[in-house]
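Here is a friendly note to read alongside the structure. The points below can be taken one at a time, with the model open beside them.

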Amino acid sequence: MKLTTLIFVFSATLGSCMAQQSDVSIKTPDGFTTTTVAANFGRVRHIAMNSNGDLYMKLERLSKGCGIVRLRDTNKDGVMDDTLSFGNYVGTGIAIKNGYLYASNNSSVFRYPLNNSKLGIDTAGVQRIVTGLWDKRQHNSKSIALDNAGNIYVNIGAPSNVCQEQDRQRKSKGRTPCPILDSAGGIWQFKVDKLNQSYADGIRYATGIRNCVGLDWNNEVNELFVTVHGRDELYQSYPEYYDQKSGAELPSETMYMVKKGDDCGWPYVHWDHLQNKKILNPEFGGDRVKTGADNAISPLVGFPGHLAPNALLIYSGNQFPAKYKNGAFIAFHGSWNRSPEPQEGFYVVFVPMKNGKPTGKWEVFANGFAGMETVVNLSAAKHRPCGLAQGADGSLYVSDDSKGYVWKISYKN
Amino acid sequence: MKKMIISVILVAGIAAILQSQSTSTSSKARGKEVYARYCLTCHQADGGGVPRMNPPLTQTEYVNGNKQRLIGIVLNGMNIPLEINGDSYENPMASHAFLKDQQIADVLTYVRSSFGNKSTAITAEEVKAVRAKNK
């Protein structure tokens, strides 16, 4: 791929970073306030905050040829007033670590040196550090996270629902062993400072992960945490075991702590939070009762089905009350395949944690993004939470890939 | 006698038109049931689809254009890059060749005349012809 970097300085036609009125009302616990810091930037997937207050957004659809937008509040009046666009590729992943901005498209990862120049970033100094990862359309977004030892973790989603002989074909059997797992369905680890790494240069860090869109490094326990999208179509394919309601509720969406070498069990099993068990998938002989994959680890939390956990952020700030420290915020994109039951999700959830383990039940932290009480058809939802970032001051930022909004949630004593 | 013949032809003609309309209406009604069972989860009750994943069935040539191509998608499934109105859609669609010709005709008639679409009906004969060529 020939890489060209485009820089546009332009008027606010792409999106708007003037003081914003949100078109929805975001509900949060007492003491928190929500302001809109960006609107109408299109498909804003993941976001990252630099320590100087710059907000970087990764776009899934190019805008004026660019896939990354940097917003800045130049006069520190609380309004993002300066826009820089660059990077001629669409994608999901974006993160900042040790003076570099990392961003992904659906097969590669790039990085850019951050600096104190007027722009704040050296867009011409772009380096491609990872390339050639599977992009077979389904589940192709590459989310990224970085540890404190010079490694980057990249999600390679499985281009499949449940590794059937014929994907998504009713009653098509599952494949044992699943050949996809050699190249996808897991998290791969690469070095942050080596160019053009691919499969041979990386390590399959964890496997049996169908599609992890949210991942973050937990600095309290120095381990990787991931949120995983569970399989689709239990009710549609196996009405003899799952009715409309249980097919909407199952399988669980999950949050795991994954260590090197861990297996989360896909495609052979799914997590069932009603039974707290790894249930064998019907494509592999399951009947909603039989368990399987004894070697696989169990999740820390099982959420209701199909909510689509698209971003994970382990909160390390000091602005929010003490209970939030080291806990997990999860942005749920909102379901589609709970249909014909109503959809669910479209909110940010909080899981209290200490030493990397949940200390209580998960709760909805920020809600109202969909702009309506009940979403029946997905197209009716006004916004879909997709990315999370933590500001240097401890504020939480939430992005939306439906209309391209970013909200800032702060706590006031 | 002439008058009578004309009358008979007229009555027969009106009856034929009424019957064809009623066939089309009942085809659409049956198609709605097929849609609910096999299509609704991915394409949603309003035909709006799912961004990035399952394409919408509204305002697209794939639905309102060439009938043979549309019938072919249902019979063969689809897993090629698909862009509609600037957005790409990534999930594969499985083959639905297990549906009967009449069921496919019904569901496509429903889709082509719902969600704001105003395209013509599709008949079981048209499905049969595409299926025969497919083999």
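**Notes on pockets, cavities, core and cysteines**

1. Let us begin with the largest pocket, which has a volume of about 820 Å³. Please keep in mind throughout that this is a predicted model. The lining of this pocket is made up of 36 residues. To find its centre, look for A95(A), I96(A), D216(A), L313(A) and Q390(A), which lie nearest to that point.

2. Which strands of chain A supply at least two residues each to the lining of the largest pocket? They are β2 (44-49), β6 (94-97), β10 (144-146), β14 (212-218), β21 (309-314) and β27 (385-390). The largest share comes from β14(A), with six residues. Sorted by class, the lining of the largest pocket holds 20 nonpolar, 13 polar and three charged residues.

3. Next, the cavities: the count comes to three of 30 Å³ or more. The largest cavity has a volume of about 720 Å³ and is lined by 44 residues. Nearest its centre are C39(B), C42(B), H43(B), M93(B) and H96(B).

4. Both chains take part in the lining of the largest cavity. From chain A, α1 (234-237) supplies at least two residues. From chain B, the elements that each supply at least two are α1 (2-38), α2 (40-43), α3 (61-64), α4 (67-76), β1 (82-84) and α5 (101-112). The element that gives the most is α2(B), with four residues. The lining of the largest cavity divides into 27 nonpolar, eleven polar and six charged residues.

5. The second largest cavity holds about 310 Å³ of space. It is lined by 29 residues, and N211(A), H229(A), A308(A), W336(A) and M53(B) are the closest to its centre. By class, the lining of the second largest cavity has six nonpolar, 14 polar and nine charged residues.

6. Now for the packing. In soluble globular proteins, nonpolar side chains tend to be buried together. Here the largest nonpolar core has 22 residues, of which F320(A), Y324(A), F329(A), V348(A), F365(A), L388(A) and L396(A) touch the most other members. Two or more residues of this core come from each of β21, β22 (328-332), β23 (347-351), β26 (363-366), β28 (396-400) and β29 (406-411) of chain A.

7. What is F329(A) in contact with, leaving aside its neighbours within four places in sequence? Its partners include A311(A), L312(A), L313(A) and Y315(A), along with F320(A), Y324(A), V348(A), F365(A), L388(A) and L396(A).

8. How many disulfides are there over all chains? The count comes to one, and this disulfide joins C163(A) to C178(A), with 2.1 Å from S to S. The link is right-handed, with 95° about the S-S bond. Both cysteines lie in the loop between β11 (151-156) and β12 (186-191) of chain A, so the bond ties together parts that are 15 residues apart in sequence. C163(A) and C178(A) are both buried.

9. Two other cysteines deserve a look. C212(A) is buried, with a relative accessible area of 0%. C386(A) is in no disulfide either, and the nearest cysteine sulfur, that of C212(A), is 13 Å away. The relative accessible area of C386(A) is 0%, so this residue counts as buried.

Notes. Residues numbered from 1 in each chain as written. Chains lettered and ligands numbered in written order. Predicted model: local features only at pLDDT ≥ 70, side-chain atom pairs only at ≥ 80, totals over all residues. Heavy atoms only, no water. 1 Å grid on protein atoms, 1.4 Å probe; cavity = no way out; pocket = protein on both sides within 12 Å on 5 of 7 lines; lining within 4 Å. Points joined across faces, edges and corners; volume = space filled by probe spheres on them. Nonpolar A, V, L, I, M, F, W, Y, C, P; charged D, E, K, R; others polar. Core = buried A, V, L, I, M, F, W, Y, C linked by side-chain atoms within 4.5 Å. Buried < 20%, exposed > 50% of the residue type's maximum accessible area, 1.4 Å probe, protein only. Contact = heavy atoms within 4.5 Å. Disulfide = S-S within 2.5 Å.
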